[in-house]
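Trainee: I've got the sequence and the coordinates open. Can you walk me through them?

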Amino acid sequence: SATPGTEVTLYITPNAGYAIDRVFATLPTDDFSTTELSAPYTFIMPECDVDVMVQFQQMYFGEIEGDYCLISTPEEFVEFRNLANSNPKANGKLTADLDMSAYIGQNLSIGNYDSNLDNGDTNIAYSGTFDGNGHVIKNYSTSRNLYDASNRGLALFNRTDSATIRN
């Protein structure tokens, strides 16, 4: 149990093949309404109990191998990117070379970074393992203006914290 007035952080780890969809908490407001929480899922503990509800969504990868989502197509990479940006500990492994030509100009970065947010805590760093497995990702580019200071974090792995990115 948490002491009233302290910050509570929820650490939610979905099972392999699932991602966090939405997180809700019933906090004591004027009407004890349910509030949707944003990552990193924190709130100040009130004097009373808090009910928390987590909705998960199943990810549709071709295969799961242990704790790794196997990625063999550009579409599966985009699916993994969505998973990793809601579950930063997700692990991915390439099983083929990927040609991202169909996604040129789109931001497919892993590790959320929103330059419109001043609070760095609202940006999620990727902390999982991504194994290139000897394969390449080619033709990834973005059309964002590199000279605009608000466009930080343009890399494929935008923001990491203790992540392993190899091969």
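Trainee: In which sense do β6 and strand β7 pair, and over how many bridges?

Mentor: Bear in mind that this is a predicted model. Strand β7 covers residues 68–71, and the bridge partner that Glu65 finds in β7 is Tyr68. The pairing of β6 with β7 is antiparallel, and the count of bridges is 3.

Trainee: What is the strand order of the open sheet?

Mentor: The sheet has 5 strands, and their pairing is mixed. β6 (63–65) and β12 (164–166) each have a single partner strand, so one side of each is left without a neighbour in the sheet, and they stand at the edges. From one strand to the next the twist averages 20°. Put together, the order reads β6-β7-β8-β10-β12.

Trainee: Which strands does helix α1 touch, and what angle does its direction make with that of β7?

Mentor: Helix α1 takes in residues 74–86 and packs on the sheet. The strands touched are β7, β8 (91–94) and β10 (129–131). Against the direction of β7, the helix direction makes about 150°.

Trainee: Zooming out, how many helices and strands does the protein chain have?

Mentor: Read the elements from the N terminus on: β-β-β-β-β-β-β-α-β-β-β-β-β. Tally that up and the protein chain has 1 helix and 12 strands.

Trainee: Among contacts between residues at least 6 apart in sequence, what share joins residues at least 24 apart?

Mentor: The protein chain has 167 residues, of which 37% count as buried. It exposes about 9,700 Å², with carbon and sulfur atoms supplying 45% of that. As for the contacts you asked about, the share is 72%.

Trainee: On to the rings: is the pair of Phe80 and Tyr126 stacked or edge-to-face?

Mentor: The structure holds 5 aromatic pairs. For Phe80 and Tyr126, the ring centres are 6.4 Å apart. Planes over 60 degrees apart count as edge-to-face, and these planes sit at 85°, so the pair is edge-to-face.

Trainee: How many residues apart in sequence are the parts that Phe80 and Tyr126 tie together?

Mentor: Phe80 lies in helix α1, while Tyr126 lies in the loop between β9 (98–99) and β10. Phe80 is buried, with a relative accessible area of 0%, and Tyr126 also counts as buried at 0%. The parts tied together are 46 residues apart.

Trainee: What is the geometry of the aromatic pair formed by Tyr126 and Phe157?

Mentor: Phe157 is in the loop between β11 and β12, 31 residues from Tyr126. Both Tyr126 and Phe157 are buried. Their centres are 5.9 Å apart and their planes make 40°, which puts the pair down as tilted.

Trainee: Now charges: what N to O distance does the salt bridge between Glu36 and Arg22 have?

Mentor: A search of the whole structure finds 2 salt bridges. In this one, Glu36 sits in strand β3 (residues 34–37) and Arg22 in strand β2 (residues 18–26), 14 residues apart. Glu36 is partly exposed at 42%, and Arg22 is partly exposed at 34%. The N to O distance is 3.1 Å.

Trainee: In the salt bridge of Arg166 and Asp131, is Asp131 buried or exposed?

Mentor: Those side chains meet at 3.6 Å, N to O. Arg166 lies in strand β12 and Asp131 in strand β10, so the pair ties together parts 35 residues apart in sequence. Arg166 is partly exposed, with a relative accessible area of 40%. Buried means under 20%, and Asp131 has 11%, so Asp131 is buried.

Trainee: Last one, on backbone angles: what is the phi of Asn133?

Mentor: Asn133 is in the loop between β10 and β11 (137–138), and at 35% relative accessibility it counts as partly exposed. Asn139, in the loop between β11 and β12, also isn't a glycine and has a positive phi, near 65°. For Asn133, phi is positive too although the residue is not a glycine, at about 55°.

Methods: Residues are numbered from 1 along each chain as its sequence is written. This is a predicted model: local features need pLDDT of at least 70, side-chain atom pairs count only at pLDDT 80 or more; totals for chains, interfaces and linings use all residues. Side-chain values use heavy atoms; hydrogens and water are left out. Two strands pair if DSSP finds at least two bridges between them. Helices (H or I, at least four residues) and strands (E, at least two) are DSSP runs, numbered from the N terminus. Axes are lines fitted to C-alpha atoms, for helices over the stretch in contact, and angles run from 0 to 180 degrees between N-to-C directions. Contact means heavy atoms within 4.5 Å. Buried means under 20% relative accessible area, exposed over 50%, partly exposed in between (1.4 Å probe, protein chains only). A salt bridge is a side-chain nitrogen of Lys or Arg within 4 Å of a carboxyl oxygen of Asp or Glu. Accessible areas come from the Shrake-Rupley method with a 1.4 Å probe; for residues, only the protein chains shown count as cover. Rings of Phe, Tyr and Trp (its six-membered ring) pair if their centres lie within 6.5 Å; planes under 30 degrees apart count as stacked, over 60 as edge-to-face and the rest as tilted.
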